[in-house]
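Here is a short report on one model. Keep the sequence and the coordinates open while reading.

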Amino acid sequence: MTGSTAASFTADDYRARMERAVRTAADAGLAGLLVAPGPDLVWLTGYTPPAVTERLTLLVLAAGQDPVLVVPALEAPDAHRAAGATALTLRDWTDGKDPYAATAALLDTSGRFGISDNAWALHLLALQQAMPGSSYASLTEALPMLRAVKDAAELDLMAAAGAAADATFEEIRDVPFAGRPESEVAADLDRLLRRHGHEQVDFTIVASGPNGANPHHEAGDRVIARGDMVVLDFGGLRDGYGSDTSRTVHVGEPTDEERRVHDIVREAHEAGFRAVRPGAACQDVDRAAREVIAAAGYGEYFIHRTGHGIGVTTHEPPYMIEGEERPLVPGMCFSVEPGIYLPGRFGVRIEDIVTVTEDGGRRLNTTARELVIVE
């Protein structure tokens, strides 16, 4: 985590998060949580190891005991400097010692534990060997909503990340498009996101003409031409919190059909946003957006979910998709991003990050959703 983000939260904030995580784990029937380096560890403690290696680093959370961070001795000084360090006990281990036996001594060896999705198999298998009676579930499976509801300080950081992405779009619409390869415009997006405070850029999709029909197109060597529709989808982390926005622009004047498809997606986006309110199911957002596109005759060309959660990662639960009946709760943040993708021709996507409020939803992206003409 960057220094500016760490400074935004106190040891008390991290202590409260860890206490909440323990309570949530117990409610889910888990004996505790085992958190490896990655976004969960950052969110719970403010600590990012200087390097992720074969040496075990693991946060151990269990009811009735203080949080313990097991760390290699050579990285203990870094761990002590983490913003949440005073809210936990550090237990270091030296090369030649068995960190798995030391970890097992902290746990109910026959318990079921939630473990980070990104924990190395090397570490999980060693823990299973040290505790043959134990069992495990991924945190996404066991506690999908652990980070989903943001507090006021997190929402401020999310809003700042969204504003930085908006500033990036306002500048990118003024750069030349025609005659340049997609990769050059993608590099412009990366540069602008960083100029506006992003320490990490996760994606800069520039999908021109027929490439726009691929929602996750990697910007390549195709030269953008006049007459192209261009899908722009970009984001990353600013002060540790995510941005993700999509706008579709057109190089020169669009055809009537291109305008019509864009208008349908814009209407679907608005319908999805209007469906956001506390107590509504996640699938209601997907249904509202999808209904507009289907009614216009393009249902088979909307080929992905309507949205995904975002926070300390740019993709996380909850997901706005049919079958997800989880209710929306104030403080949740997620994308609303319907699209239409016409193979071999063009694509359109419009995306904002939205947070649930007490009486509806609030967009964290505010740039124009109308079709923007670029040169």
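Which residue in β9 stands opposite Arg-238? Arg-238 has Tyr-241 opposite it in β9.

## Basis

This is a predicted model, in which local features need pLDDT of at least 70 and side-chain atom pairs count only at pLDDT 80 or more, while totals for chains, interfaces and linings use all residues. Residues are numbered from 1 along each chain as its sequence is written, and side-chain values use heavy atoms, with hydrogens and water left out.

Strand β8 covers residues 229-238. Strands here are DSSP runs of E, at least two residues long, and helices are runs of H or I, at least four long, all numbered from the N terminus. Nine of the ten residues in β8 are buried. Buried means under 20% relative accessible area, exposed means over 50%, and partly exposed lies in between (1.4 Å probe, protein chains only).

Two strands pair if DSSP finds at least two bridges between them. β8 pairs with β7 in the antiparallel sense, over nine bridges. Val-201 has Gly-236 in β8 as its bridge partner. β10 (residues 245-251) is also antiparallel to β8, with six bridges. There, Asp-233 stands opposite Ser-246. β9 (residues 241-242) pairs antiparallel with β8 over two bridges. β8 and β9 make a hairpin with two residues between them. In that turn, Asp-239 has a positive phi of about 50 degrees.

## The largest pocket

The largest pocket has a volume of about 350 Å³. A pocket is an open set of points on a 1 Å grid over the protein atoms alone, where a 1.4 Å probe fits, with protein on both sides within 12 Å along at least five of seven lines; lining residues have an atom within 4 Å of a point. Points are joined across faces, edges and corners, and the volume is the space filled by probe spheres set on them.

The lining has 16 residues. Ile-205, Pro-215, His-216, Asp-233 and His-315 lie nearest the pocket centre. Strand β7 (residues 198-208) gives the largest share of the lining, three residues. By class, four lining residues are nonpolar, six polar and six charged. Nonpolar covers Ala, Val, Leu, Ile, Met, Phe, Trp, Tyr, Cys and Pro; charged covers Asp, Glu, Lys and Arg; the others, Gly among them, are polar.

All five residues of β3 (residues 68-72) are buried. Val-68, Val-70 and Pro-72 are on one side, Leu-69 and Val-71 on the other. β3 pairs antiparallel with β2 (residues 58-62) over three bridges. Leu-59 stands opposite Leu-69. β3 runs parallel to β4 (residues 89-93), joined by five bridges. Val-70 faces Arg-91 in that pairing.

The largest nonpolar core has 34 residues, and Leu-33, Leu-44, Leu-59 and Leu-69 have the most contacts inside it. A nonpolar core is a set of buried Ala, Val, Leu, Ile, Met, Phe, Trp, Tyr and Cys residues joined through side-chain atoms within 4.5 Å. α2 gives the most to this core, four residues.

## Glu-316

Is Glu-316 buried or exposed? Glu-316 counts as buried because its relative accessibility is 4%. Glu-316 sits in strand β12 (residues 316-320). Leaving aside neighbours within four places in sequence, Glu-316 is in contact (heavy atoms within 4.5 Å) with Arg-147, Lys-150, His-308, Gly-309, Ile-310 and Gly-311.
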